[in-house]
Structure formats: structure tokens, C-alpha cells
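Hello,

I am handing over the structure we talked about, and you will find it just below. After it I have put together some notes on what turned up.

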Amino acid sequence: MTALQTEVLSSDAAGLARAACLLAEGGLVAFPTETVYGLGADACNDLAVAKIYEAKGRPSFNPLIVHLPDLEAARSLCEFTPDAERLADAFWPGALTLVLPLRQGSGVSRLVTAGLDTLAIRVPDHPVAQGLLRAFGGPVAAPSANPSGKISPTRAAHVTAGLGGRIEAVVDGGNCGVGLESTIIGCLPRPTLLRAGGLPEEAIEACLGYPLAQSLGATDNPVAPGQLESHYAPAGKVRLDADRAQPGEILLGFGPVVAPINLSPSGDLVEAASRLFGCLHELDAMGAERIAVSPIPDHGLGRAINDRLRRAAAPRP
Ligand code: TXA
Ligand code: MG
């Protein structure tokens, strides 16, 4: 990957306009929220979202949180249960992320949800994050803006130290107040604690009037999310490292091979990552019972692609 000149933008109107423009062009822009700095990309742009994983060096495709300016924008992407409405009313904007059923036709990249039919969404309580979301005018996917396995950043300087040269820009909005990631609650439909975070569990339970179900560790362990049983796998049986399809198999190609579906004919790992979940869904739609997959180089984003494919190929219960 060629090094980028990471711009440090001010949080005034001109800085936010520049940041929104970079997002619209498919660039990566880190920005402050009240919890930690997020690494933002246009949530509807597959390639931009793939670049998040590449910049962070994430070895697997964790689903990402989508940031929105308000509840109304959130309602257009997800189905809200009455409990979810109550929590959003009480705590948004704020350090609460809700995992809800994704609406059909939301336009959100499948790489954001890692192929799941649920979406994590949050309305941040930070004037700079709010300003950027409004200037951009669409959903912004953003994990914490640190290299995979490193500490979450709470200042612009932390972001440039970790990701400088790998992202287009960071908006400098000073220190994050909370300094801890958001609390994640699944509402599918029973309110369940998926990750402890900046908003105390007690406050959430007081609002609901009953205890949360607990599923800690299911989502916050860097290895665990991809292992969630609900994680998307195609219906067909998957065979990896295949030079060609055997009779009865459909080849999911990579690079210059003859295949009905190809992750990236030019062998570009960022393109391959951006198309992975879409291609797996397409194979399902074709009724593929046996899927052969071309070898994928095991470096950079290839590691995350191979991780996902190995899970898809693993024996199923
Ligand atoms: O405070 C925060 O939440 C920060 C700021 C930037 O908003 N963001 C953040 O994102 O911490 P990240 O990517 O580091 O953590 C997202 C977590 C992951 O553990 C992921 O597994 C979980 O959210 N997650 C996302 N979508 C999910 C889904 N559909 N179901 C279950 N867990 C999900
Ligand atoms: Mg993180």
C-alpha cells in the first residue's frame, strides 16, 4: 500500500466540509466521538469499508458500528422494537450502540455487517461527530481508530501515531470525554448486553425496568465476533485453495481464472474483501451446493478473507 499524506483537519466548518468530501470520495477519515476516535468510511461504499479493515490490519471481519446524526436517520436503516425506541429516546445521543434487524434495501455495505442481517448503530454525542455526520449526509461506519490489537485513541495525536500514512485524514477535536467505547445492547428482540462500555448497565436496566440478558464476550473479544454462530456462512459446502472447480462445484475465483463469480479478476485484495460477502450471497442465490475457492494470498486483507473463508469451510454442527 502506498503511504498517504494524512491530513490533520480542524473541527471548524471548513475542516468538516473537507472531511465530508473525503468520505464521499471513498476515503478514510478519523473523527472524535464522546467515547473514542472512530475511523470513518461511507457505510454504503464497499471499497471504502474494505479499506477500514486494511488500514487497521484487522485479521478478521468484525462487524462495524454505523454512526448516524439522529434517531430518525437510524430508523431508516433498522427495525426498532419498543424497547429499542425507549433506549434510544433515553440515551441518544450518547455512548449506547444498539444492534437491531437491518432493513431491506438499507444500502449499507455487507462488509459493515460482515454479512449478518443485523446492524449496530449509534448516535454520538459529540459536536464534531455530529457536524461531520450532517456535513456528509449519510451513514458512517467507524470502528475505533487504532491498528488492530492496539489501544483505542482518545486524541488526534494517538490516531496519527497509529494510522498516519494509512488514512486520508483525521479531524482534530481534542480529547474524548468518555474514553471508553460505547456499551453495546442487542435488541433481537430481548435486550442483551453484548459489550460493557461507557454507559453503565444499571442506567440501561433502570430505563427498561428489568434486567438485561447477558452475552458478554460474544462480541467484544477480537476473535469471537467472527465465530458467532449467527455469523454468515453460505449454504453450500466450501472447499479452499482450489485450482479449478471439480464437477458439481462452482468456482469462486480470485485473480485471472475462469470462474462464474470472481472476487477480483485483477487479484486486488481490497476489491476482493469489498466483494466477499456479496459474492457469498450470490452463490446462495444461485443455489450453489458445492463451492470451490481459488487460493487467496495470506497477507494484508487476504488474512481476513481467508479467516472468513476457513470458517465458512469448517464442518458445521
Ligand atoms: O464507542 C464506540 O463504540 C466506538 C466509537 C468509534 O463509536 N466504536 C467502536 O467500534 O468501538 P469497534 O468496531 O471497535 O467495535 C464494534 C463492536 C465489535 O465488537 C463488533 O463485534 C460489535 O461492535 N458489533 C458490530 N455489529 C454487530 C452486530 N451486528 N452484532 C453483534 N455485534 C456487533
Ligand atoms: Mg475497537
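Let me begin in a loop: D241 sits between the strands β12 (237–239) and β13 (250–253). Please keep in mind that this is a predicted model. D241 is not a glycine, yet its phi is positive, at about 55 degrees. Is D241 buried or exposed? With a relative accessible area of 58%, D241 is exposed.

A114, however, counts as buried, because its relative accessibility is 0% and buried means under 20%.

**The two domains**

The protein chain splits into domain 1, covering 7–214, and domain 2, covering 237–313. Their C-alpha centres are 29 Å apart. Where they touch, 15 residues of domain 1 meet 14 residues of domain 2.

How much area do domain 1 and domain 2 bury between them? The figure is about 1,200 Å², with 71% of it on carbon and sulfur atoms. On the domain 1 side, P59, F61 and R110 stand out: together they supply 42% of the area that domain 1 buries against domain 2, more than any other three residues.

As for charged and polar pairings, the search across this interface gives 0 salt bridges and 1 residue pair in polar contact. Two elements give two or more residues to the side of domain 1 that touches domain 2, namely α2 (46–56) and α5 (110–113). Of these, α2 gives the most, with 6 residues. Sorted by class, that side of domain 1 has 7 nonpolar, 3 polar and 5 charged residues.

**Salt bridges**

How many salt bridges does a search of the whole structure find? It finds 9, and here are some of them.

- E85 pairs with R75, and their closest N and O atoms are 2.9 Å apart. This bridge links distant parts of the chain, since E85 belongs to helix α4 (residues 82–91) and R75 to helix α3 (residues 71–75), 10 residues apart. Both partners count as partly exposed, E85 at 21% relative accessibility and R75 at 33%.
- E79 and R103 meet through their side chains at 3.4 Å, N to O, in a salt bridge. Here too distant parts of the chain are linked: E79 is in the loop between α3 and α4, while R103 is in the loop between β5 (96–101) and α5, 24 residues apart. E79 is partly exposed, with a relative accessible area of 37%, and R103 is partly exposed at 30%.
- R86 and D83 form a salt bridge at 3.3 Å, N to O. These two are 3 residues apart in helix α4, so about one helical turn separates them. R86 counts as partly exposed at 36% relative accessibility, whereas D83 is buried, with a relative accessible area of 17%.

**Helix α6**

P127 is in helix α6 (residues 127–136) and counts as exposed, at 66% relative accessibility. P127 and P32 are 95 residues apart in sequence, but their C-alpha atoms are 9.0 Å apart in space.

Which residues of α6 are buried? They are V128, A129, Q130, L132, L133 and F136. The cover over these buried residues includes α1 (13–24), β2 (29–31), β3 (38–42), β4 (65–67), β7 (140–141) and β8 (169–171). Just after α6 comes G137, with a positive phi of about 80 degrees.

**Two cis peptide bonds**

Two prolines deserve a look as well. W92 and P93 are joined by a cis peptide bond with omega about -5 degrees, and P93 is in the loop between α4 and β5. The bond from L188 to P189 is cis too, with omega near -5 degrees. P189 is in the loop between β9 (183–187) and β10 (191–195).

Enjoy exploring it, and do write back with any questions.

Best wishes

Note on methods:
Residues are numbered from 1 along each chain as its sequence is written. Chains are lettered from A and ligands numbered from 1 in the order in which they are written. This is a predicted model: local features need pLDDT of at least 70, side-chain atom pairs count only at pLDDT 80 or more; totals for chains, interfaces and linings use all residues. Side-chain values use heavy atoms; hydrogens and water are left out. Domain bounds come from an automatic or database domain assignment. Contact means heavy atoms within 4.5 Å. Buried area is the accessible area (1.4 Å probe) that two parts lose on being put together, summed over both. A salt bridge is a side-chain nitrogen of Lys or Arg within 4 Å of a carboxyl oxygen of Asp or Glu. A polar contact is a pair of N or O atoms within 3.5 Å; within protein, one must be able to donate a hydrogen and the other to accept it, and residues adjacent in sequence count only if both atoms are side-chain atoms. Helices (H or I, at least four residues) and strands (E, at least two) are DSSP runs, numbered from the N terminus. Ala, Val, Leu, Ile, Met, Phe, Trp, Tyr, Cys and Pro count as nonpolar, Asp, Glu, Lys and Arg as charged, and the others, Gly among them, as polar. Buried means under 20% relative accessible area, exposed over 50%, partly exposed in between (1.4 Å probe, protein chains only).
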